[in-house]
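This report covers a sheet and the nonpolar cores of the structure shown below.

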Amino acid sequence: MAMNTTQFDTLPERAEIQRGLVAVAMSGGVDSSTVPALLQEQGRPVVGLTMQLWNQRRLPELQGEGPAQHRCCSLDDVYDAKAVAQHLKFPHYVVNFEAQFEERVVRPFVDQYLSGRTPIACTNCNTDVKFEPLLRMARQIGAEWLATGHYARIRKNDSTGRWELLRARDESKDQSYFLWGLSQEQLSRSEFPLGELTKDEVRAVARRAKLPVAEKPESMELCFVPNGNYVQFIQAYSRESGISLHEGAGEIVTENGEVIGRHNGVHEFTIGQRKGLGFAVGRPLYVLSIDQKLNRVVVGDDSALRTTAFEIEDVNWVSCEKPQAPLRAAVKIRHKHEPAPATIEPLDSNRVRVTFDAPQRAITPGQAAVFYDGDRVLGGGWIR
Amino acid sequence: MSRVYLDFNATTPVEPEVLDAMLPYFSAEFGNAASIHTPGQTARAAVETAREQVAALIGARAQEIVLTSGGTESDNHAIFGVVTHTILGMRDQENRKHVITTAIEHEAVLNACQALEKEGVAVTYLPVNPDGLIDIERLRSAIQSQTVLITVMHANNELGTVQPLEEIGRIAKERDIYFHTDAVQSTGKLPIDVNGLQVDLLSLSGHKFYAPKGIGALYIRSGTRLRQFLYGGHHQRGFRPGTENVAGIVGLGKAAEIARKLLADDAKRISGLRDELQQGLLQRIPQSRVNGGAAPRTPNTTNLIFPGIEGEALLIALDLKGLACSTGAACSSGAVEPSHVLTAIGLPPEEARASLRFSLGRHTTKKEIDFALQVVPAAVEQLRELSPTYRKVAEAR
């Protein structure tokens with residue numbers, strides 16, 4: 001059946017000058033707006049796609065006065081993306097992925113928090129929205145590639161035949177930590193034109209192209225959570241969706257089980273957190289773990305936060321095949337973590353055991369662990 | 001790239017003859033129709049001629065035509081105007097006013113009704129059958145002693161299906177209830193006689209029949225009690241004040257005159273092309289079906305479902321190939337929203353999303369239909385090849 005042919009069959013060689021249509025995922029921010037400018041400078045035809053992901057009028061109790069502004073999926077951002085497309089004269093469309101975004105990003109985000117984990121919504125959005133339905137739509141409308149404003153690099157390794165994911169040239173902007181979930185097929189169809197540039201160079205391109213968003217400030221917030229207040233968001237969303245917040249309040253205990261206080265819901269805590277424990281015992285205490293079953297937050301000294309070994313699940317191998325034997329790599333356990341040397345031991349069913357050479361602080365369930373070999377992302381998975 | 005436009009239910013171009021009629025009123029004959037002097041009288045004469053031309057298109061009298069900014073204003077004025085002409089009783093449960101409408105109205109009607117609900121008015125949204133038609137018996141039994149207005153659209157924008165207005169008009173008359181119809185999609189496409197249909201209020205919009213955007217009319221049967229909303233000068237008997245948009249009004253009148261003259265021939269030719277497009281697509285695209293195909297429809301509209309595709313992707317793919325058509329409604333960001341009309345005719349969400357509307361115009365050619373018959377099947381096939389849902393459907397067979 002013709003439908004079963006893989007998309008690789010018609011894939012042109014990247015080394016060739018690429019003439020096929022490129023779809024650009026445009027958020028309305030300066031980074032993704034610079035991508036079409038760069039591609040056009042190379043003489044490549046582009047089409048812009050902006051995803052409508054979340055209805056900002058939902059959860060009205062989270063809205064401040066006036067219209068939603070300066071947030072992803074706000075109308076302002078959509079209009080900014082359109083203004084860039086009009087300025088550079090290429091077709092642009094807004095595509096509705098609200099249903100997919102809620103099912104694959106928002107709902108799991110809330111569920112994870114409610115079960116005492118600390119999720120990363122951006123990774124799910126990349127793996128399950130941007131490089132899944134959006135990439136498919138790009139292909140369906142006749143584009144060969146999907147380009148995004150991510151700071152990371154992709155290259156084909158001719159000796160292994162694999163598509164490799166690499167850190168951005170600008171280490172301070174590197175987003176490879178959020179991209180470990182991409183499959184070979186997704187990588188083969190994707191382009192990150194900003195991967196070789198620094199943020200300053202990107203701004204310079206934006207100014208040179210006279211983009212209307214060239215001076216737009218950066219947004220670092222989670223796009224669907226107003227004002228970065230995720231606790232409020234989780235409460236409002238749970239109410240709207242009829243998810244019970246399992247009685248909310250519970251106990252705060254020490255490692256020995258001694259009750260030293262009360263809390264208003266485990267979703268308000270993340271491992272390693274010091275702020276907001278709401279009481280003082282004469283020395284700083286940190287969240288060590290969250291026990292969802294007993295609705296308890298376990299606290300202790302900073303030294304107790306440091307651990308060496310942990311397991312991760314749903315591992316995806318990117319720049320290499322699944323190894324048969326233990327492997328040495330630098331492992332990064334959160335976005336702002338400096339990768340530390342570790343041994344990675346493959347277990348059954350897409351799980352691995354990671355053992356750091358030296359203890360690391362606050363290894364947090366729900367976050368991702370990503371394995372690096374120099375600049376290359378070998379793979380990654382979710383911390384259990 | 002050559003472009004083929006098959007989205008005339010969204011809007012139409014201004015007919016060259018209409019534009020010619022309008023042009024003098026921008027600069028040479030720029031008078032204010034409310035002025036006493038000669039330039040004012042010239043403008044006044046042009047406005048009144050246009051009012052007569054609009055009235056003639058729908059079998060009304062000129063003094064029953066109020067010129068408005070378009071369909072949305074006309075709908076809002078009719079609905080709020082009837083329901084709120086006395087404020088008394090609005091929040092009084094005993095005398096709670098009641099409005100009957102349908103589930104497939106345009107947002108201008110639906111959102112006006114929802115706003116009334118917030119003010120304490122009860123609203124019945126009549127369901128429609130799979131062909132998009134209301135059940136007259138259901139309408140009859142929905143009537144209460146407090147019912148003050150029945151508002152049912154003439155032709156639906158997404159499906160083209162035409163409601164049995166004559167029967168509704170008869171019932172409304174028997175029960176002494178005001179009857180409004182949103183005729184934005186039928187004006188110029190179907191013959192309309194406000195007396196034959198027994199409507200009390202009718203909304204129409206210029207840009208749907210080759211007049212410019214921003215001009216429309218509300219027919220108000222003599223004797224209908226309606227509240228006014230704008231207060232100002234004496235324009236339009238003080239009922240809808242505001243300096244008349246003379247050029248736009250002239251365009252509306254001219255377009256009405258042309259539509260009246262060409263309506264029968266247009267309908268015949270355009271429905272022939274529409275049928276050719278519809279049949280051709282059904283033959284070329286496996287599993288495709290027509291939405292609302294068994295009901296009486298406007299001559300220019302067909303809405304097809306292509307299982308296994310996302311209408312949004314197909315729309316973009318076709319636009320990039322030079323063919324303009326439409327899915328359901330667009331939201332303020334420009335993204336496609338699930339269509340309340342397709343949902344109301346009973347389509348599950350995935351089928352509603354797999355539907356596409358083609359609407360033809362007065363100048364649509366056979367060559368353009370041939371172009372559509374060439375690009376649409378190819379695009380559907382390409383989408384299906386990349387569609388996981390269609391693969392599942394295909395493999396299950």
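## Strand pairing at one edge

Strand 2 and strand 8 (residues 216–220) of chain B pair in the antiparallel sense over four bridges; pairing requires at least two DSSP bridges between two strands. Strands (E, at least two residues) and helices (H or I, at least four) are DSSP runs, numbered from the N terminus. L67(B) has A217(B) in strand 8 of chain B as its bridge partner.

The model is predicted: local features need pLDDT of at least 70, side-chain atom pairs count only at pLDDT 80 or more, and totals for chains, interfaces and linings use all residues. Residues are numbered from 1 along each chain as its sequence is written, with chains lettered from A and ligands numbered from 1 in the order in which they are written.

## The whole sheet

In chain B, seven strands form an open sheet of mixed pairing, in the order 2-8-7-6-5-3-4. Strand 2 (65–68) and strand 4 (122–126) of chain B each have a single partner strand, so one side of each is left without a neighbour in the sheet.

## Nonpolar cores

A nonpolar core is a set of buried Ala, Val, Leu, Ile, Met, Phe, Trp, Tyr and Cys residues joined through C-beta atoms within 7 Å; buried means that 20 or more other C-beta atoms, placed from the backbone, lie within 10 Å of the residue's own. The largest core has 140 residues, and those touching the most other members include L146(A) and L314(B). Helix 4 (residues 121–140) of chain A gives the most to this core, with eight residues.

A second, separate core of 81 residues includes V18(B) and L202(B).

Methods. A residue is buried if 20 or more other C-beta atoms lie within 10 Å of its own, exposed if 12 or fewer, and partly exposed in between; C-beta atoms are placed from the backbone.
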